[in-house]
Amino acid sequence: MNFLSAAPAAGLGSTVVMMVLMIAVFYFMLIRPENKRKKEAEQMRSAVKTGDKIVTIGGITGTVVNVKENRIVMETGADQVRIELEKWAISTNETAAEAAQAEAKKAKEAKAKAKAAKKVNKNG
């Protein structure tokens with residue numbers, strides 16, 4: 001009789017362990033990366049400054065003319081139409097993205113030069 005009553009308790013323990021494991025996997029695979037993306041997007045939106053080329057979530061491209069606390073004014077195209085938008089409507093900051101790409105390329109070239117110089121010093 002004791003054997004039968006102990007079996008469900010063991011099954012319950014393994015079920016709890018599996019649930020905790022699934023919650024941990026769910027957190028690290030879905031929740032944490034999403035929070036990281038939201039934080040990066042918020043930082044990008046707060047760093048927008050006058051002169052940046054941006055794209056809105058609706059696909060409108062233009063140049064930022066004025067930055068306010070929660071809004072921006074952007075100018076679109078050669079016709080110089082000005083649109084006032086909420087900051088949350090900014091999808092990407094192309095100016096910052098181009099600067100980041102240029103910086104990454106420069107860092108990669110510097111690393112390659114340092115590696116080549118190290119190789120020459122090692123062989124020389």
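In the hairpin of strand 3 and strand 4, Gly-77 takes a positive phi near 60°, and four residues sit between the strands. Strands here are DSSP runs of E with at least two residues, and helices are runs of H or I with at least four, numbered from the N terminus. Please keep in mind that this is a predicted model, where local features need pLDDT of at least 70, side-chain atom pairs count only at pLDDT 80 or more, and totals for chains, interfaces and linings use all residues. Residues are numbered from 1 along each chain as its sequence is written, and side-chain values use heavy atoms, leaving out hydrogens and water.

**Strand 3 and its partners**
- Strand 3 pairs with strand 4 (residues 81-86) in the antiparallel sense over six bridges; strands count as paired if DSSP finds at least two bridges between them.
- On its strand 4 side, Met-74 stands opposite Ile-83.
- Strand 2 (residues 61-67) runs antiparallel to strand 3, joined by four bridges.
- Met-74 in strand 3 is also the bridge partner of Val-64.

**Thr-76**
- Thr-76 belongs to strand 3 (residues 71-76).
- Thr-76 counts as buried because its relative accessibility is 13%; buried means under 20% relative accessible area, exposed over 50% and partly exposed in between, with a 1.4 Å probe and protein chains only.
- Beyond its neighbours within four places in sequence, Thr-76 is in contact with Ile-60, Thr-61, Gly-62, Val-81 and Ile-83, where contact means heavy atoms within 4.5 Å.

- Five strands make an open sheet with antiparallel pairing, in the order 4-3-2-1-5.
- Strand 4 and strand 5 (90-93) are the edge strands, each pairing on one side only.
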